[in-house]
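Dear colleague,

Please find below the structure that I am handing over to you.

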Amino acid sequence: MMILLLLLILCFGLGFENYSANEVHIFDTLNEEGGYLDNTDQLVEDIIFHIDLAVKLNKNDFEAHRMLAEVHLSMHSFEEAKLSGMRAFQLNPNDPRVTSVYGEALLRNHQVDEGIDFLLKAIREYNLSLIHISEPTRR
C-alpha cells in the first residue's frame, strides 16, 4: 500500500512540503512586461475572489470548482479543497484533472483509501485520453 501511495505521489507531483502562500507556483501570473507577478497574499486573495465569483455566476462550471480546489490545496485549506473537488467531480466525473484534484484533497483529509482510488481512476483516464489522442485518423 505504501509503495502504491509513493508511486501516486511521484506520478502526480503531490509534494507534501509545507508551502506558504508566497511559495505556491499555481499562482504564477504574467505582468505587463511578460514576466511573472510576485506571489503575494493580495494576489492569492484576488485569485480566490475571482474564482469564487465565477462559481457564483455559474454553479455548474466544473472548471471553476476544480480551480478552487487547486487553490485551496495550495493554501492548505484541505476541507474546502475536498468540497470544491467533490463538486467538480459531481459535475464532470470523467476529467482526469478533476479526479486527481479530488483524490489529492481526499488524501489530505486522511481519506487515504478513497483518495488512492480516485488517483488511480485519474491515471486510467489520462492513459485513455493519451490513447485516444495518439490514434491515427481513419479515412
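Predicted model: local features only at pLDDT ≥ 70, side-chain atom pairs only at ≥ 80, totals over all residues.

Residues are numbered from 1 along each chain as its sequence is written, and side-chain values use heavy atoms, with hydrogens and water left out.

Overall fold

The chain has six helices and zero strands, where helices (H or I, at least four residues) and strands (E, at least two) are DSSP runs numbered from the N terminus. Along the sequence this gives the pattern α-α-α-α-α-α. The chain has 139 residues, of which 36% count as buried; buried means under 20% relative accessible area, exposed over 50%, and partly exposed in between, with a 1.4 Å probe and protein chains only. Among contacts (heavy atoms within 4.5 Å) with a separation of 6 or more, 50% are between residues 24 or more positions apart.

Helices α2 and α3

Helix α2 (residues 41–57) packs against α3 at an angle of about 150°, and the axes are 9 Å apart. Axes are lines fitted to C-alpha atoms, for helices over the stretch in contact, and angles run from 0 to 180 degrees between N-to-C directions. The two helices, α2 and α3, are therefore roughly antiparallel, a term for angles over 145 degrees. From α2, Ile-47, Ile-48, Ile-51, Asp-52, Ala-54 and Val-55 take part in the contact, and they meet Ala-64, His-65, Met-67, Leu-68 and Val-71 of α3. These residues divide into nine nonpolar, one polar and one charged, where Ala, Val, Leu, Ile, Met, Phe, Trp, Tyr, Cys and Pro count as nonpolar, Asp, Glu, Lys and Arg as charged, and the others, Gly among them, as polar.

Salt bridges

A salt bridge is a side-chain nitrogen of Lys or Arg within 4 Å of a carboxyl oxygen of Asp or Glu, and the count comes to seven. Glu-63, Arg-66, Glu-70, Asp-95 and Arg-97 are linked in a network of such bridges.

Arg-97 is partly exposed, at a relative accessible area of 37%.

In helix α4 (residues 78–91), Lys-82 and Glu-79 are three residues apart, about one helical turn, and their side chains form a salt bridge at 4.0 Å, N to O. Lys-82 is buried, with a relative accessible area of 17%, whereas Glu-79 is partly exposed at 40% relative accessibility.

Ala-81

Helix α4 also holds Ala-81, which is buried with a relative accessible area of 0%. Not counting residues up to four places away in sequence, Ala-81 touches Ala-69, His-72, Leu-73 and Ala-105. Ala-81 and Leu-106 are 25 residues apart in sequence, and their C-alpha atoms are 8.6 Å apart in space.

With kind regards

Note on methods
Parallel < 35°, antiparallel > 145°, perpendicular 65-115°, else oblique.
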